[in-house]
Amino acid sequence: MTEPETQPSSGGNAKYAIIGLLLFGGALGAYFLMDNEAPPAEAPPPEAPKRSTALAEPEIEIPDPVPDAGPDTGAPKPKIVYKYVNSEWACAGQLEPAAAKSVIQANSRQIRSCYERALKNNNQLQGKAVLQVRVDKGGNVAGVRVGGTLKDEQVFACMRQLANTWKFGTPTGGGCAVVQAPFDFKPQN
């Protein structure tokens, strides 16, 4: 004998519909719960601990270095008279302009080489430098100062070192004289 085939009951598809409705309702409820929640507040970043040493105060301000001869503004250069009270730079003498220019021009290649060496490390380096040389009564260099817009201390130090070896003529009208020479440094093509 054969068993009669059983027909599925009418509730077979209804359970899938109920499961679908429950999932949809759960998702809808989760959405509303998440939408009403406020986002978590960000914690402020922790402050760096302030340190104090016995050697220094924590609020020390270090000023920027001041160039020796002052910045060059690019404007026409008026005759500058430096007056230093009780200073080694106070000089009343003068050098023959052509003779002083001759000494500076004879050494300008060496000065340019100071710049060229620094240019190898910084190919954008350019600016102006003003070299001041104090010449004593024997024509020897008694002091050198350099400043300007170049902003490279290695070039300035090299210029000072070279200028200290120069020899000028004897100043007239006083014991010493001050010579000032501007240099404009730009990379050559």
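Colleague: What percentage of the 189 residues in the chain do buried residues make up?
Modeller: This is a predicted model. A residue counts as buried under 20% relative accessible area. Of the 189 residues in the chain, the buried share is 27%.

Colleague: In what order do the elements of the chain run from the N terminus on?
Modeller: The chain has four helices and three strands. Read from the N terminus on, their order is α-α-α-β-β-α-β.

Colleague: What share of the contacts with a separation of 6 or more is between residues 24 or more positions apart?
Modeller: A contact here means heavy atoms within 4.5 Å. Take the contacts in the chain with a separation of 6 or more; residues 24 or more positions apart account for 77%.

Colleague: Which cysteine forms a disulfide with Cys 91?
Modeller: The whole structure holds two disulfides. In the one with Cys 91, the sulfur atoms are 2.0 Å apart. The torsion about the S-S bond is -105 degrees, a left-handed link. The partner is Cys 176.

Colleague: How many residues apart in sequence are the parts that Cys 91 and Cys 176 tie together?
Modeller: Cys 91 lies in the loop between α1 (14-36) and α2 (97-106). Cys 176 lies in the loop between α4 (153-163) and β3. The pair therefore ties together parts separated in sequence by 85 residues.

Colleague: Is the disulfide of Cys 114 and Cys 158 left-handed or right-handed?
Modeller: A disulfide joins Cys 114 to Cys 158, with 2.0 Å from S to S. The torsion about the S-S bond is about -65 degrees, so this disulfide is left-handed.

Colleague: In which helix is Cys 158?
Modeller: Cys 114 and Cys 158 link distant parts of the chain, 44 residues apart. Cys 114 is buried at 3% relative accessibility, and Cys 158 is buried at 13%. Cys 114 is in helix α3, while Cys 158 is in helix α4.

Colleague: What is the angle between the planes of Tyr 115 and Phe 185?
Modeller: A search of the whole structure finds three aromatic pairs. Tyr 115 and Phe 185 form one that is stacked, 4.9 Å centre to centre. Tyr 115 is in helix α3 (residues 108-121) and Phe 185 in strand β3 (residues 177-185), 70 residues apart. The angle between their planes is 20 degrees.

Colleague: Which residues do ring pairs link into a cluster?
Modeller: Phe 183 and Phe 185 also form a stacked pair, 6.0 Å centre to centre and 5 degrees between the planes. Both Phe 183 and Phe 185 are buried. Tyr 115 is buried as well. The cluster consists of Tyr 115, Phe 183 and Phe 185.

Colleague: Over the ring of which residue does the charged end of Lys 15 sit?
Modeller: A charge counts as over a ring within 6 Å of the ring centre and within 35 degrees of the ring normal. The charged end of Lys 15 is 5.8 Å from the centre of the ring of Tyr 16.

Technical notes: Residues are numbered from 1 along each chain as its sequence is written. This is a predicted model: local features need pLDDT of at least 70, side-chain atom pairs count only at pLDDT 80 or more; totals for chains, interfaces and linings use all residues. Side-chain values use heavy atoms; hydrogens and water are left out. Rings of Phe, Tyr and Trp (its six-membered ring) pair if their centres lie within 6.5 Å; planes under 30 degrees apart count as stacked, over 60 as edge-to-face and the rest as tilted. Helices (H or I, at least four residues) and strands (E, at least two) are DSSP runs, numbered from the N terminus. Buried means under 20% relative accessible area, exposed over 50%, partly exposed in between (1.4 Å probe, protein chains only). A disulfide is a pair of cysteine sulfur atoms within 2.5 Å.
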